[in-house]
Amino acid sequence: MTAPRWFSQPYPPEGASAAEGIRNQLGRPELDLLTILVRESAQNSWDARLTPSRAPVDYRIDMWTVGPAHAGAWRELLLDGAPGGAEDFPLRETLRRGAARVLVVSDRGTRGLGGPTRADDAVGPDRDFVSFIRNIGEPRGTALGGGTYGFGKGIFYLLSRTGTILVHSRCRTPDGGYETRLIGCTLWKSYEAAGSQGDRRYTGRHWWGDTSGDVVEPLVGPAAEATAQRLGIRPFGPEETGTTVVVVDPNLDGLEHAAAAEYLADTIAWHLWPKMISITGKPAAMRFSVTCDGVEFHVPDPRETRPLNMFVAAYESMIGPDGSDLECKSPKRHLGRLGLVKRIMPPVEPTRASRMLDIEDLVHHVCLMRPAELVVTYRPGPKPPSASQGYAGVFRADEAMDEVYAKAEPPTHDAWNPQSLDRPESTFVQTTFRRINEALEGLLSLGGVTRPGASHVALGAASSRFSGLVGGAWGIGGATAFSKPGSTAVRVPKRKVDEEEGSGFHSGSVPHDAPSDTATLGFYGAGTPGDPRADRQAPADDQPYGAAAAVRRRPRVQYVGDPYFDDLGDDSVLVQEFRLPVPGPQRVRIDLAVTLPGSGGRETDPPVGASMPVLLGWEDGDGRLHTGDACVVEGGESVWRALVRPAPDTMTEIDVKVEAVKAP
């Protein structure tokens, strides 16, 4: 075998595809190149998994700069026989400039690129090598696979500024052994070049490898392993199989290297979370990692990351008894399963990856997937009536319908387009969307009785409309938390309030003829630093303000800020912080109710079938959770948190009560 060199494909007499046409087969996708890379390469890895095997597929992305120890080998090996000039073959100029950056996608626990290395020999089912390296647009060969027509491999070339990749793979041979293969490929643009027999046209496709025969072949065996080692490519273990694709000089869309790594890790979580979760005791189907210059970037755990944990819950609902079967009645066909969950939740903190999916501050989406359980897209549904509610859904197509949904996808597999299908297949996809919408209408109705166009308003929505009345409050009574985080008020039991005290505390938005059972005080957050009145307590009904010294020694509750939403495991909880400023042991308990802003009414007994807020516990300053309806607290400066699970579609009223603990 001779040293590896480049071979440029000339146009044969019968014609061939130009590189530009192949590069354009992905069209103009809405997703960015890094996102498409994650989706398409992970689909390739999943389709190539070893079966049967209980071990998960290892998928990783590494970015690094070719260092001094390998830069010389890169120039020596990859410039030998390099065709054309910088315009026709930009890798030449990249390597001459100095150290190159690379982005490496690799998998293990997959079968590698096996089978014949020549396209004219690939007549059987085992043709992974020629499908990835030689041919374009081959129909998928994996039943229920993620890919459709093999266009996804084009993303590797599109991501490279030089259009160049190196492919290092290890596969099993027909005799049961192992074979390592290494080949380089460039897909750039067609051109003309002068030759010994005159000018000639070239397709813009180039291969780097063993050029001793009539077609360029990959380096194999020890030659492939030694050359990969010289280039700094991670080797395979003795019994490992899989594939490594090295993207030379990647286009990171203007991101710094570390920022790109963080984005890739987040993108993996959003698009591949179904492969990351353990279900019914089974291990996750795939393992993921991202590194940049040797530093690992954490891939978010979907079970612990909001709002992905909602989609995980919806998936578990879908596969469990709470899931629903979606059916098409004419023609009759089972379409798939749907799971939905609805939660009171804080606003989503959007990331670059979630914004790419049009998921900003509110989750109201259904994740669509085929039986391969790779995310196709997040389909938005109607927004909930309250900004503090969200819902998530998962729809998985039935295996018998997989081919229909696959044909509805564009080359990037990120949508289902019924208009691209003929009947009855288009009817099946359209009916899927209709059934999902019907399920969402039921999810968003109150008790299943709210119909489109009805005048009923969810209490959470009403609270948002009244949220401007009081901007914050100070007091000694209960804290009323609207469903919209930040829209809170404090309701205090009626006290004698003298003119001096009352004149500075009444909110200008609250009428003076407020209901006689309450007085709403505003503008100061409870416990606001610097507020001289935050530590003062209104006297009891039978005490004038002159007896304040005696009042201060009585146990009392001092609220710290307004109620807010937080996560407690899988629960979204309402939190009211408070302290007990009077020293000594005191017992706290809580009164919970639901109320409608402006009405003055409160409900402590739910209607039939309705839920009420629930106290989950008391959290001390060290983060320890104390359960029970009551808790003994040592008074002082320590801040405690009351954790409440609010009732959906309501405004929750929290009233912390305190009493002294008598000495034994």
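What pLDDT does the chain average, and what share of the residues score at least 70? In this predicted model, the average over the chain is 78, and 76% of the residues reach a score of at least 70. Where pLDDT is low, predicted coordinates should not be read in detail.

The largest nonpolar core contains 77 residues, of which L103, I268, W273 and Y378 touch the most other members. Helix α8, spanning residues 257-272, supplies the largest share of this core, with nine residues. When neighbours within four places in sequence are left aside, the contacts of L103 include L34, L37, I61, D62 and M63. L103 is also in contact with L159, V245, V246, V247, P250, L252 and L264.

A helix pair was examined next. The axes of helix α3 (residues 68-78) and helix α7 (residues 221-231) come within 7 Å of each other and cross at roughly 125 degrees. This angle lies between the limits of 115 and 145 degrees, so α3 and α7 are oblique to each other. On the α3 side the contact is formed by H70, A73, W74, E76 and L77, and on the α7 side by T227, Q229, R230 and L231. Sorted by class, the residues in this contact of α3 with α7 are four nonpolar, three polar and two charged.

Notes:
Residues numbered from 1 in each chain as written. Predicted model: local features only at pLDDT ≥ 70, side-chain atom pairs only at ≥ 80, totals over all residues. Heavy atoms only, no water. Axes fitted to C-alpha atoms, helices over the stretch in contact; angles between N-to-C directions. Helix = DSSP H or I, 4+ residues; strand = E, 2+ residues; numbered from the N terminus. Parallel < 35°, antiparallel > 145°, perpendicular 65-115°, else oblique. Contact = heavy atoms within 4.5 Å. Nonpolar A, V, L, I, M, F, W, Y, C, P; charged D, E, K, R; others polar. Core = buried A, V, L, I, M, F, W, Y, C linked by side-chain atoms within 4.5 Å. Buried < 20%, exposed > 50% of the residue type's maximum accessible area, 1.4 Å probe, protein only. pLDDT = per-residue confidence, 0-100.
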